[in-house]
Amino acid sequence: FDDVPRSIGEFAYYYSKATGHDPSGIIVSAVTAAASVIDDRYRLVVRPESNWTVSARQWSFLCGEPSTAKSPSIRAATGHIKDMHIVLVQRWLTDNEGASKQERSPLPALFTSDSTVPALADALVANERGLLMLTEEMSSWIGGIDSSNKGDAAKNRGDWLQLRDGGPRQINRVDRGAMLVPNWGVSVLAACTPSGLAKQMKEMPEDGLIQRFIPSILAAPTN
């Protein structure tokens with residue numbers, strides 16, 4: 001509990017005490033959620049003598065059997081983000097009521113749970129601070145990345161690999177034209193079972209996608 005900010009440590013302690021759930025799930029989920037709402041333009045200078053900087057971007061997944069409360073932990077840690085997201089979208093709907101597509105302001109977002117890479121590019125143009133990909137089914141998310149034909153699936157994986165690093169991205173497409181994404185950066189929070197992860201690992205190419213995640217292996221509830 002002392003390895004994270006006090007507010008997260010206390011939240012994890014009391015949540016675990018009340019539910020019997022492994023506190024690791026709440027700690028990792030809350031740290032990832034917090035990282036996702038810190039504007040990516042705030043950066044930590046890793047080495048003062050260089051230009052090496054990193055943003056508070058995090059990829060994590062909770063791994064455990066169905067009884068280890070992966071989804072409840074994720075939902076408890078990300079509830080405030082969902083609430084803020086709903087307020088922003090409802091405010092946008094009110095402000096843009098009756099406006100044409102050209103007159104509408106950019107749609108705000110704090111998270112997404114289902115998105116293609118092109119749609120994600122549009123969302124990131126409107127939300128330079130970054131987003132959270134929130135999925136309680138890691139296999140579905142990876143399956144969505146690989147659902148295209150072999151060439152597009154490989155490209156999708158490459159696009160996602162770069163989303164972990166962030167930074168500007170220039171996109172030029174015949175059908176969509178030119179688009180500059182100021183910050184190609186997304187945090188990811190997911191969940192999986194040990195058997196599901198083992199199956200995914202066997203089918204994954206060795207491109208470093210899974211290595212970008214911090215795993216949290218959950219113990220069974222204590223009560």
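Q: What makes β4 and β9 the edges of the open sheet?
A: The open sheet has five strands in the order β4-β5-β8-β3-β9, with parallel pairing. β4 (111–112) and β9 (214–217) each have a single partner strand, so one side of each is left without a neighbour in the sheet. Strands are DSSP runs of E with at least two residues, helices are runs of H or I with at least four, and both are numbered from the N terminus. This is a predicted model, in which local features need pLDDT of at least 70 and side-chain atom pairs count only at pLDDT 80 or more, while totals for chains, interfaces and linings use all residues. Residues are numbered from 1 along each chain as its sequence is written, and side-chain values use heavy atoms, with hydrogens and water left out.

Q: In which sense do strands β6 and β7 pair, and over how many bridges?
A: Strand β6 (residues 169–173) and strand β7 (residues 177–181) are antiparallel and share five bridges. Asparagine 172 has alanine 178 in β7 as its bridge partner. The two strands are joined by a hairpin of three residues.

Q: Why is serine 55 called buried?
A: Serine 55 belongs to strand β2 (residues 53–55). Buried means under 20% relative accessible area, exposed means over 50%, and partly exposed lies in between (1.4 Å probe, protein chains only). Serine 55 has 17% relative accessibility and therefore counts as buried.

Q: What makes the approach of serine 55 to aspartate 40 a polar contact?
A: A polar contact is a pair of N or O atoms within 3.5 Å; within protein, one must be able to donate a hydrogen and the other to accept it, and residues adjacent in sequence count only if both atoms are side-chain atoms. The side chain of serine 55 lies 2.7 Å from the backbone oxygen of aspartate 40.

Q: Why is threonine 135 called buried?
A: The relative accessibility of threonine 135 is 9%, and the residue therefore counts as buried. Threonine 135 is placed in the loop between β5 (131–134) and α5 (138–145). Its side chain reaches the backbone oxygen of glutamate 137 at 3.1 Å.

Q: With which residues is threonine 135 in contact, leaving aside its neighbours within four places in sequence?
A: Threonine 135 is in contact (heavy atoms within 4.5 Å) with Trp141, Leu189, Ala190 and Ala191. From threonine 135 to alanine 190 there are 55 residues in sequence, yet 4.9 Å in space, C-alpha to C-alpha.

Q: Why is tyrosine 13 called partly exposed?
A: Tyrosine 13 is located in helix α1. Because its relative accessibility is 35%, tyrosine 13 counts as partly exposed. Tyrosine 13 and arginine 41 are separated by 28 residues in sequence and by 31 Å in space, C-alpha to C-alpha.

Key:
Two strands pair if DSSP finds at least two bridges between them.
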